[in-house]
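Take a moment to look over the sequence and the fold. We will walk through sheets and salt bridges, one step at a time.

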Amino acid sequence: MNRDPFFSNNKRRKKGEDEDIESEEEEELDGGMLNGGGESGEDEEDEELIPEETAEEKRQRIAKAVVENLRAREKELEGEEDEEGDREFEKEGERDSSVAKKLMQQQLEESGRLRRAIASRVQKPESVDGFEVLVKHRQSVTAVCLSDDDSKGFSASKDGTILHWDVDNGKAEKYQWPNDEILRSHGAKNPEGRATKHSKNVLALAVSTDGRYLASGGLDRHVHLWDTRTREHIQAFPGHKGPVSCLTFRKGSSELFSGSYDRSIKIWNVEDRAYMNTLFGHQSEVLTIDCLWQERVLAVGRDRSMQLFKVHDESRLIFRSSTSSLECCCFIDNSEFVSGSDDGNIELWSVQKKKPVYIVKNAHTSSTDVNNGELKDNGRNYNGHIASSWVSSVGVCRGSDLAASGAGNGSVRLWAVEGAGKGIRPLYDLPLTGFVNSLAFAKSGKFLLAGVGQEPRLGRWGHNSAARNGVAIQQLKLL
């Protein structure tokens, strides 16, 4: 019995048992080391098992930080000392209600469901407060776009020049095109047909919401991606079989849409540098596209139609123009949009109807003499209304009722969009010589940018030697 380990008083254990079985004192010691910041093998295992922050958790963390900042700002605006008891509780409740209202209003404005009343606040510009040339180009400006904070602007011209400039002082910096070898290393393919090198003629620009990427497209059938911080070329997307005529980013995302003369719209992801999808539907060249926060793309083409592509649902709505070709379009909000046509009309559309709900006829009447059905403008003749009276560009101050349109008749017109029930009301004429090929509003509505040239954006069927190629700015005074 003395030899039997069961009856023995000796507390010796086997080595394997010592490794597997721990006493309560050892557990308490390990717990104390953990609580005191000591390191152990179990510590390292726990650290390895800690999950990384998910996208949803990151969004919640950022949202909480935004709310806390707004609460602190509201408290600073009140400028009162902290109080005790029920009064302090009531003030915190009022403060939270104010923060919730501001967040709700901001979300509605950004999503396009709330329309700001800016048009009624715009004062009539004085004759001395007309357009001023902010940036000069050698050839006709084809595209203008603004960063999301309205501090930086981008413009391109027919000679391939892309400029990045400051809105306040007009100080510009030029983007340098890389050589053909670098372009090929970035994904560009060799020119097709009779072309021996890549054309630098730029027809479209678009900047991402975060301001990191600038996209350009033109006659070389490629979509080029630039880094706005270094102004360097980072990627070339091939795939289109015709000139790239229009570009737009989806708000708040890295999705880029490109429209082309090959009648298609392609979707790219600039973060992944990847092609995503192609949208078909137009029977002729796609001229202008636009997109807001939702995965919906508005496009017009020379097939006399405007189409709203619902990317997620893989469906589309087709809107027919009665007599003319639509040249440009722009979202007002998710349910309404405006377009301009080559017969000088401006149309207001709603997703509920396939025809325009309101038409402004001869929105840009030509100031030239009409003789035998031809327009004479600066010594050149053009058949019909093609040269100077067609609406070549439209722009809307996002989330508001203020719109603008441009043509080649020597003026930019401001409009008040009163909705599908009341239509569009003219506000003011802003004199500007030349073909207005692009328009861009500040989000605040305090200024309007116009890309002007001696020639139209997509051709050379008109010429105005008195125009100055460049970007012009019009300051708008609000009540």
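Does glutamate 271 count as buried, partly exposed or exposed? Glutamate 271 counts as partly exposed, at 36% relative accessibility. The cut-offs are these: buried means under 20% relative accessible area, exposed means over 50%, and partly exposed lies in between, with a 1.4 Å probe and protein chains only.

A word on the source. This is a predicted model, where local features need pLDDT of at least 70 and side-chain atom pairs count only at pLDDT 80 or more, while totals for chains, interfaces and linings use all residues. Residues are numbered from 1 along each chain as its sequence is written, and side-chain values use heavy atoms, with hydrogens and water left out.

Stay with glutamate 271. Its side chain has a partner: arginine 212 forms a salt bridge with glutamate 271, and the closest N and O atoms are 3.3 Å apart. A salt bridge here is a side-chain nitrogen of Lys or Arg within 4 Å of a carboxyl oxygen of Asp or Glu. Arginine 212 lies in the loop between strand S6 (202–207) and strand S7 (213–218), and glutamate 271 lies in the loop between strand S12 (264–269) and strand S13 (274–280), so the pair ties together parts that are 59 residues apart in sequence. Strands are DSSP runs of E with at least two residues, and helices are runs of H or I with at least four; both are numbered from the N terminus. Arginine 212 is partly exposed too, at 30% relative accessibility.

How many salt bridges does a search of the whole structure find? The search finds eleven. Another of them joins aspartate 166 and lysine 152, at 3.4 Å from N to O. Aspartate 166 sits in strand S4 (residues 162–166) and lysine 152 in strand S3 (residues 152–157), 14 residues apart. Aspartate 166 is buried, at 17% relative accessibility. Lysine 152 is partly exposed, at 32%.

Now look at lysine 158. Its side chain meets that of glutamate 455 in a salt bridge of 3.2 Å, N to O. Lysine 158 is in the loop between S3 and S4, glutamate 455 is in the loop between strand S30 (447–453) and strand S31 (470–475), and the two are 297 residues apart. Lysine 158 is buried, at 9% relative accessibility. Glutamate 455 is buried as well, at 17%. Salt bridges that share partners join Lys158, Glu455 and Arg460 into one network.

Next come the sheets. Two strands pair if DSSP finds at least two bridges between them. Strand S15 (residues 296–301) and strand S16 (residues 305–310) are joined by five bridges. Among the residues involved, leucine 298 has leucine 308 in S16 as its bridge partner.

Another open sheet of four strands runs S25-S26-S27-S28, again with antiparallel pairing. Why is one side of strand S25 (393–396) and of strand S28 (424–431) left without a neighbour in the sheet? Both stand at the edges with a single partner strand each, so one side of each has no neighbour there. Strand S27 (residues 411–417) pairs with S28 over six bridges, in the antiparallel sense. Find alanine 416: arginine 425 in S28 stands opposite.
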